Amino acid sequence: MILFVKNFHRSHKVFFDSFTLRNRAVSILFVWRIIKRFHIISTTSIRMKAAIFSLIILMGLAPGFVNGQDFLPPARNWKGKSENLIASPKDIWCTPSEKSGFNETPDYQTTINWLTKLCSSVPFLKMVSIGKSPEGRDIQMVVASLEMNPGSSVIKSSKKPCLLVQAGIHSGEIDGKDAGLMLLRDLAFGPKKALLEKVNLLFIPILNVDGHERNSPFSRPNQRGPQNMGWRTNAQNLNLNRDYAKADTREIRAVLNVINTYDPDFYMDIHVTDGADYQFDVTYGFVGSYGHSPSISAWLKNKFSPEVDRGLKTMGHIPGPLLNPVNWIDFAEGIAEFLTGPNFSNVYADLRHLPGILVENHSLKPYKQRVLGTYVLLEETMKLIGKETSALMESITKDESIRSENVVLTWKAPDVKKPSSDSIFHLGFKSKREISDLTGGEVTRWSQEIENKKIPFYDLKEAEITVKTPKGYWVPSFCTEVLERLKFHGIQLEISKQSTTVQLGMYRIKNPKFNSQPFEGRIQVKGNPIPETQSVTMPAGSAWISTDQPLGELASLLLEPACPESFLQWGFFHSIFQKTEYTEAYFMEPLARKMIQDSPSLKEEFEQKKKEDPTFSQNPDAILNWFNERSPYCDKTYLLYPVGRVE
Ligand SMILES: [Zn+2]
């Protein structure tokens, strides 16, 4: 019985539910197996036997229990050559997940213990802490390199390309961790060591370490295994894959520091999808050639994808593009490019000219298939970047040297109502839509029947908001949080030793609109940035940021207030939207009287305003405020964004 209760809890995806014949049968069978296995019938007293049979009858009458995964679209049998990568359970380096038949994934401590043991067994693997999580756990990274003393500066200056792989940014989507453990084992002791002759590997097994420990069978209902899954957000309930631009979290700051100090040449961020059913098991995406790194994008499209996909197919997997269907319940309407900003890892990578892919394994594929697909993807990526190093480096150098006249802050969403000239071949399953008699809404039911068809693909082509690239920006010393974050991003700053008076292009943010709900712990704001020119004194300790640097475009996107990912819109400058000095009516009313007396044109402007705006004409406070804004007593910094542009 204890075993039954234990299994009941361990199977987790199990919960009491309304009575169904099938589930009742499963319950009875489950208890019967335990009874038979432990020879309970032959070893117990008559009373005990009676109790056991009563229990079985009760199981038949009581509400049954169901497996939550019963609700998922059907699991399909899969066999692939990549199954040969699985170690024998007798192998002392069989990973915890392999040992469980890919039913489970090890917790943080088991993972770190296993990796510590592995790293102490060979000289070319070492584990380093790249930071502490909000709950105090070390965020660990394995450095796999044949270089002597491979610290960050050695890896940075190495002639070999460096691959940075990050698993568990959303910690329930943990395929990358278990695939990485297998690959590291094979790099350490197997024939795969040769891969390290051409590539250095940085592997973060779990980025969201705190979320990883908040695991349960109820974290990701749309995902087929492992048994326990971590939570999407970190301990502060922040989504790390929305934090690349604002860099609020310790976890993302740790990653930015790795990118700045090790200078990787390829970045892989591994997730698992939600959404619809289809045949692809490993999907991944990168920013198209419209983005900030066209040469890298072309390399990824023309070199990386064809070769890596070939490797995946040979090993029995079905690679596909990152899917963002126009209509989640009807893929025939086409796929559209993701319209996201540099708060996501892949867009951030593109902006800093770092070749990067965002991997989304398909949540409905069994855990084993997903982990093995990830292993193959990692291996193929290592092979390819080791072989194609010079072409890869060339594309990086080319994109790093781009100095555009204008910088694109946002892209127009494609018009998915129009026919598209581009298409992709979608490998789906036939489905039917039903109207639920429970909700009255539409529900899609996928069949086992394959449906392959060409569907439209909508790329982003047209810029929406652009600004002229300035020579650079001045950020005043009092913007401490922003200066700190610019440093986290590795943007080059020159800090002034003395105060400097400069002619600057400034923005006054008119009509600010604050979001009514917080997003990622912040109240976002949008406004209308109206340019004006001012002579401004920047105090000592202010930063000059030239756009003539590889991260110049990144600086522009973070500092231009019209950009949705800018520090302004993320709420770093809320204090500019507040008036902090006031004029009383007994002072302002006679002053206003004097002002129109001295200026006939002001009087005319005032009369006109009253005529055009009856609400204004009936609001004494608004009238006095109108005069205050035209007097020397007004606050000149009200609504003034303090970062300035040098044109
Ligand atoms: Zn994810």
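Reply: Helices here are DSSP runs of H or I with at least four residues, numbered from the N terminus. With that numbering, arginine 220 sits in the loop between helix 9 (209-213) and helix 10 (250-262). The model is predicted.

Me: Why is arginine 220 called buried?

Reply: Buried means under 20% relative accessible area. Arginine 220 has 8%, so the label applies.

Me: What makes the pair arginine 220 and glutamate 173 a polar contact?

Reply: The cut-off for a pair of N or O atoms is 3.5 Å. The side chains of arginine 220 and glutamate 173 are joined at 3.2 Å. That value lies within the cut-off, so the pair counts as a polar contact.

Me: How do you know which residues are donors to the zinc ion?

Reply: Donors are N, O and S atoms within 2.8 Å of the metal. His170 (ND1), Glu173 (OE) and His271 (ND1) coordinate the zinc ion at 2.0 to 2.1 Å. These atoms therefore qualify as donors. Their spacing in sequence is H-x2-E-x97-H. Glutamate 173 lies in the loop between strand 5 (162-167) and helix 8 (175-189), and histidine 271 lies in strand 7 (residues 266-272), 98 residues apart. The pair links distant parts of the chain.

Me: Are glutamate 173 and histidine 271 buried or exposed?

Reply: Buried. Glutamate 173 has 2% relative accessibility, and histidine 271 has a relative accessible area of 1%. The limit for buried is under 20%, so both labels hold.

Me: What makes strand 17 and strand 20 a pair?

Reply: Pairing takes at least two bridges. Strand 17 and strand 20 (residues 543-546) have two, and they run antiparallel. In strand 20, alanine 543 is the bridge partner of isoleucine 495.

Me: Why do strand 17 and strand 19 count as edges?

Reply: The open sheet has six strands in the order 17-20-16-21-18-19, with antiparallel pairing. Strand 17 (494-495) and strand 19 (525-538) each have a single partner strand, so one side of each lacks a neighbour in the sheet.

Me: What is the pairing in the sheet with the order 10-14-13?

Reply: Mixed. Strand 10 and strand 14 (residues 442-458) pair in the parallel sense over two bridges. Isoleucine 335 stands opposite phenylalanine 457 in strand 14.

Me: Where does pLDDT stay under 50?

Reply: Over residues 1-23. Where pLDDT is low, the predicted coordinates should not be read in detail. For the protein chain, the mean pLDDT is 90, and 89% of residues reach 70 or more.

Definitions and conventions: Residues numbered from 1 in each chain as written. Predicted model: local features only at pLDDT ≥ 70, side-chain atom pairs only at ≥ 80, totals over all residues. Heavy atoms only, no water. pLDDT = per-residue confidence, 0-100. Contact = heavy atoms within 4.5 Å. Buried < 20%, exposed > 50% of the residue type's maximum accessible area, 1.4 Å probe, protein only. Polar contact = N/O pair within 3.5 Å; in protein donor to acceptor, adjacent residues only side chain to side chain. Donors = N, O, S within 2.8 Å, 3.2 Å for Na, K, Ca; no water.
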